[in-house]
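Welcome! Please take a moment with the sequence and the structure below, and then we can walk through them together.

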Amino acid sequence: MSQFDVVVIGAGPGGYIAAIRAAQLGFKTACIDAGVNKAGDAPALGGTCLNVGCIPSKALLQSSEHFHAAQHDFAEHGITVGDVKFDAAKMIERKDGIVTKLTGGIKFLFQKNKVESLFGKGSLKGRNGDLWQVEVENKGEKSVVEAKHVIVATGSVSRPLPLIEIDNVNVLDNEGALNLTEVPKKLGVIGSGVIGLEMGSVWKRVGSEVTILEAMPTFLAAADQQIAKEAFKVFTKEQGLVIELGVKLNEIKNDKNGVTVSYEVGGAAKTETFDKLIVSIGRIPNTEGLNAEGVGLEKDERGFIKVDGECRTNLPNVWAIGDVVRGPMLAHKASDEGVAVAERIAGQKPHLDFNTIPFVIYTDPEIAWVGKTEEQLKAEGVEYKKGTSGFAANGRALGLGKAKGTVKVLACAKTDRVLGVHMIGPMVSELVAEGVMSMEFSASSEDIARIVHAHPTLSEVLHEAALAADKRALHG
Ligand code: FAD
Ligand code: NAI
């Protein structure tokens, strides 16, 4: 029986990074993963993120943005392209190529770092002295490996909607939404969260009529509401996404006529029939087949594996990270927990600050933030000051043809320490890193204001917002 220092279950961005870091630290490491590629004929490492999440969605967002730009933006640059055509199957083929390249890259990284990659479903069997026994099952064939430490990184799956079953033909979860090879004429989306907005944007840009039905009365409740309101206006008024808030779903039928959704909104009953319906109402932790109950691995009331602040479960030397534990369901959070756990096993003292984890929504304009929103600061009774600045007069943004959006810096009224940075605008997914760095180093808004920012760059808007927090904006 093979013995390891560390066995990781799951090779998503949490698990594969944990395995690589553990191996780098000198541990004999194996990583078990049951993921298969789109064709279903070969193992595919990388989990949700690489196969059916972050990476494929960003590939489609880029393709659809190019199509939209060729149709609507090129002309003002003096570029005539004639009749612009769109081939959805080709876009999906390009996306699949990126996925194959990156998932293959992890295989290479495992080889390079001497991580043993085991294909199959991993489950906790029990203890043999100081060691954990983990069963690996592949098409009925079972083997057992032993390890001193086990890191559970089994991720999450789409939250099901009790009203309708996902068939990934007409009613789609994230996998189906990322694999449409024809543009649906009418696309319905349940949930105006991150997936709903990103996928809704993709298919809207390439020609679908998109209606998003959201249960909450507030749009993007977790985001700073000034930014959320600006986003709502752009998405609905300028881009033509129909977003209905405060919706109560009554019935969904999937038949030869399409997918018919009956719902109530603002006291009125409505019915819409769509060619395709995406269900994106959040994700739930995945512990299926892990034998958590059998070994007494504790979960909380929502099904997440219970961990302490350092990702220790209730079982000795069993750790859990990523989407399967509390905290935001984000790839970078999963990876950083993976690194931290491997380093803790090695006796180091890593620290992961949940207050400085950045959030990004890859719509156009993008939305990004780090730290507290104004609503949170008010609720907590924290006195703060704020500075805002827009992209409208930013030279780089004008050159890019994307001069829309706002950056807001929130700082403590007494100490000037940066408490939150919120953005909507071009490439703010990159710009938010400066906010993260500032908060991580306990910077003041004055620190950002005194740092030289290159000209002309989008980062000058953050600079200006920091100046505005001190009431000395130069361009405002
Ligand atoms: P996963 O990535 O879910 O990986 C878990 C792995 O464990 C899988 O490979 C699975 O096959 C394997 N597994 C499960 N059970 C077993 C078992 N018993 N035995 C063996 N293997 C098992 N996050 C971002 O930060 N940025 C984004 O832009 C972003 N975009 C997203 C877009 C979409 C459409 C979706 C759905 C998600 C997106 N996310 C994004 C979220 C991100 O994908 C997750 O937060 C991240 O993948 C979580 O990583 P993980 O390692 O915890 O789990
Ligand atoms: P989400 O939590 O972002 O949004 C789900 C939305 O569905 C919420 O607004 C919720 O109020 C709504 N909802 C729930 N039940 C409903 C119902 N019955 N009817 C109508 N609306 C309902 O979840 P989403 O979009 O499914 O994404 C899952 C997770 O994946 C995200 O929370 C995020 O962690 C991750 N993700 C991250 C991305 C990024 O970082 N750019 C991109 C995509 C996903």
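## Around the ligand

An N or O atom in the side chain of D323 lies 2.9 Å from an oxygen atom of ligand 1. Please keep in mind that this is a predicted model. The protein covers 92% of the 1000 Å² of accessible area that ligand 1 has on its own.

| Residue | Protein atom | Ligand 1 atom | Distance |
|---|---|---|---|
| G14 | polar backbone atom | oxygen | 2.8 Å |
| A34 | backbone N or O | nitrogen | 3.2 Å |
| D323 | side-chain N or O | oxygen | 2.9 Å |

In total, 38 residues surround ligand 1, and the closest are G14, D33, T48, K58 and G122. Sorted by class, this shell has 18 polar, 15 nonpolar and 5 charged residues. At least two shell residues come from each of β2 (29-33), α2 (47-52), α3 (54-72), β4 (121-128) and α9 (331-345). The most are given by α2, with 4 residues.

Now for the aromatic rings. The structure holds 4 aromatic pairs. One of them is the stacked pair of F359 and W369, at 5.1 Å centre to centre and with 5° between the planes. F359 belongs to strand β18 (residues 359-361) and W369 to strand β19 (residues 366-371), so the pair ties together parts that are 10 residues apart in sequence. F359 is partly exposed, with a relative accessible area of 28%, whereas W369 is buried, at 9%.

Elsewhere, F219, F232 and F235 form one aromatic cluster. The ring of F4 has the charged end of K28 sitting over it, 4.8 Å from the ring centre.

Technical notes: Residues are numbered from 1 along each chain as its sequence is written. Chains are lettered from A and ligands numbered from 1 in the order in which they are written. This is a predicted model: local features need pLDDT of at least 70, side-chain atom pairs count only at pLDDT 80 or more; totals for chains, interfaces and linings use all residues. Side-chain values use heavy atoms; hydrogens and water are left out. A residue is near a molecule or strand if one of its heavy atoms lies within 4 Å of it. A polar contact is a pair of N or O atoms within 3.5 Å; within protein, one must be able to donate a hydrogen and the other to accept it, and residues adjacent in sequence count only if both atoms are side-chain atoms. Accessible areas come from the Shrake-Rupley method with a 1.4 Å probe; for residues, only the protein chains shown count as cover. Ala, Val, Leu, Ile, Met, Phe, Trp, Tyr, Cys and Pro count as nonpolar, Asp, Glu, Lys and Arg as charged, and the others, Gly among them, as polar. Rings of Phe, Tyr and Trp (its six-membered ring) pair if their centres lie within 6.5 Å; planes under 30 degrees apart count as stacked, over 60 as edge-to-face and the rest as tilted. Buried means under 20% relative accessible area, exposed over 50%, partly exposed in between (1.4 Å probe, protein chains only). A charge sits over a ring if NZ of Lys or CZ of Arg is within 6 Å of the ring centre and within 35 degrees of the ring normal.
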